[in-house]
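This report describes a ligand and the protein around it. Please look at the sequence and the structure below before reading on.

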Amino acid sequence: MKNLVILTGAGISAESGIKTFRDHDGLWENHDVMEVASIEGWHKNPALVLEFYNQRRKQAATVFPNTAHEYLATLEKDFNTHIITQNVDDLHERGGSKQVTHLHGKLSEIKSSFHSDYCKDIGGDEIQLGDTCPDGHQLRPNIVWFGEEVPMLDKAAKICETADIFVIIGTSLQVYPAAGLIYHIPSQCPVFIIDPKVDEINIPNHYTCIKSSAVDGIKILDHHLKKLL
Ligand code: APR
């Protein structure tokens, strides 16, 4: 079986009802992204950040995988499929995908705000200021914020290097180091990108562009993939 590697971003979850980051004048769910998704924002106002992610966890229970998430899971019968996602939702897993690497953490997980290996899945529950983990430190979301290292980056880069076919769906490729993963794609590997704003994204010109939403774009992608089986 060929290795199919798929890099996804906020756009794949848009049709499930989760807002993207950069389509709304720099606001994410009415907040400045740097206020709620940076290490500086956390230090400045941890209560606001905790409440923001409490709301996102609550919202996660109200959304469902769309046909793009579900389609990617069906590819596992024909390809050794690995998804690398920048999304913190679990819609790929709920859509049926088995091999998913979360570059920017997971919404349902919490960890210590101090360096430690403590990490726990709390599903849709809330955390508040004063909630601590066994080491006594404040709990925080297990999200990789701006200004923080991306622990899964090396693993993700190695996965990209194994690709026979590469697909990119719903990411503006503006945020590094995640965006730099495309430089780990082997040079002969066919690359497909699905995004309604694909012509605004800075990508190498040999990529096959599918300018449409994820849900519509997968139908075109499917024709291409059948020829590469
Ligand atoms: N289907 C496919 N793509 C879509 C759709 C859709 N229905 N709707 C919007 N898009 C595209 C947009 O055109 C845009 O190119 O999805 C992309 C979303 O880009 P961003 O909002 O920048 O999201 P992403 O690339 O995932 O952001 C990367 O930035 O804020 C941080 O950590 C956060 O993981 C996030 C990272």
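## The shell around the ligand

In this predicted model, the shell around the ligand has 9 polar, 8 nonpolar and 5 charged residues. Here Ala, Val, Leu, Ile, Met, Phe, Trp, Tyr, Cys and Pro count as nonpolar, Asp, Glu, Lys and Arg as charged, and the others, Gly among them, as polar. The ligand is surrounded by 22 residues, and the closest are F21, R22, T171, S172 and D195; a residue is near if one of its heavy atoms lies within 4 Å.

Local features need pLDDT of at least 70 and side-chain atom pairs 80 or more, while totals for chains, interfaces and linings use all residues. Residues are numbered from 1 along each chain, and side-chain values use heavy atoms, without hydrogens and water.

## Polar contacts

Polar contacts here are pairs of N or O atoms within 3.5 Å. A polar backbone atom of F21 is 2.8 Å from an oxygen atom of the ligand. In E15, a side-chain N or O atom is 3.1 Å from a nitrogen atom of the ligand. On its own the ligand has 740 Å² of accessible area (Shrake-Rupley method, 1.4 Å probe), and the protein covers 92% of the 740 Å².

## Two domains

An automatic or database assignment gives domain 1 (1-18 + 65-104 + 149-229) and domain 2 (19-62 + 110-143). Their C-alpha centres lie 25 Å apart. Contact between them (heavy atoms within 4.5 Å) takes 12 residues from domain 1 and 9 residues from domain 2. Each domain gives at least three residues to the shell around the ligand.

Methods
Polar contact = N/O pair within 3.5 Å; in protein donor to acceptor, adjacent residues only side chain to side chain.
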